[in-house]
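Reader: I am new to looking at protein models, and I would like to learn how to read pockets and charged pairs. Could we go through them slowly, one feature at a time?

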Amino acid sequence: MRARKAPAQPLRARTPRRLALSLPLETSVGYLVRMTHRAFTRVLQARIEPHGVTVGMWYFLRVLWAEDGITQRELSQRIGMMEPTTVTALNNMERRGLIRRSRNPHDRRKINIYLTAKGRALRTRLMPLAMEVNAVALQDFSPSEIDTLRTLLGRARGRLAADGSGEG
């Protein structure tokens with residue numbers, strides 16, 4: 001009689017307990033991505049703040065520059081932000097004259113967000129600053145390394161999205 005082959009176990013089940021409990025920060029991809037994101041955010045904030053824009057506003061502006069007039073809910077979803085947080089950020093942007101809200105003519109329950117002339121004009125001033133931040137971060141990378149980095153980060157993000165464990 002032949003012995004049955006045991007089913008494949010996930011990596012964590014095969015990893016000795018001692019190693020499974022040891023994940024030094026310098027080897028944690030999640031930690032490295034977080035620290036890199038924080039560095040990008042600090043440098044970007046220093047460049048855009050003189051223009052009266054916070055990093056929180058930046059993400060909304062980026063989406064609206066590409067697709068002005070989307071609903072508040074769509075804007076929240078595109079940025080990956082909870083709706084109450086979006087409302088707070090949009091209130092601030094409206095006070096600063098960067099956006100205006102308008103009831104959706106087809107569904108009065110929805111609110112569409114539009115850039116004002118002031119909000120649109122920021123694009124020509126702020127986009128070069130964001131491009132500069134990316135250029136600083138990637139100055140020692142070859143074009144193929146940049147492509148590889150984008151591909152790998154996209155794959156990791158896709159796998160995490162497919163896992164679904166943290167999505168609400």
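**Charged pairs and a pocket**

Author: Let us begin with one side chain of this predicted model: Arg73 counts as partly exposed, because its relative accessibility is 49%.

Reader: With which residue does Arg73 form a salt bridge?

Author: The general idea is that side chains of opposite charge can pair when their charged atoms come close. Here the partner of Arg73 is Glu83, and the closest N and O atoms are 2.8 Å apart. Glu83 lies in helix H6 (residues 83-95) while Arg73 lies in helix H5, so the pair ties together parts that are 10 residues apart in sequence. Glu83, at 30% relative accessibility, is also partly exposed.

Reader: Is Asp107, which meets Arg109 in a salt bridge, buried or exposed?

Author: Asp107 counts as buried because its relative accessibility is 17%, under the cut-off of 20%, whereas Arg109 is exposed at 73%. Their side chains meet at 2.9 Å, N to O, and the count for the model comes to seven salt bridges.

Reader: How should I read the largest pocket, and what is its volume?

Author: In general, rolling a probe the size of a water molecule over the atoms shows where empty space is left. The largest pocket here has a volume of about 1,400 Å³, and of the 32 residues lining this pocket, Val33, His37, Phe40, Leu153 and Arg157 are the closest to its centre. The lining divides into 19 nonpolar, nine polar and four charged residues.

Reader: Which helix gives the largest share of that lining?

Author: Helix H8 does, with 10 residues, and the helices that each supply at least two lining residues include H3 (29-48) and H7 (117-138).

Definitions and conventions. Residues numbered from 1 in each chain as written. Predicted model: local features only at pLDDT ≥ 70, side-chain atom pairs only at ≥ 80, totals over all residues. Heavy atoms only, no water. 1 Å grid on protein atoms, 1.4 Å probe; cavity = no way out; pocket = protein on both sides within 12 Å on 5 of 7 lines; lining within 4 Å. Points joined across faces, edges and corners; volume = space filled by probe spheres on them. Helix = DSSP H or I, 4+ residues; strand = E, 2+ residues; numbered from the N terminus. Nonpolar A, V, L, I, M, F, W, Y, C, P; charged D, E, K, R; others polar. Salt bridge = Lys/Arg side-chain N within 4 Å of Asp/Glu carboxyl O. Buried < 20%, exposed > 50% of the residue type's maximum accessible area, 1.4 Å probe, protein only.
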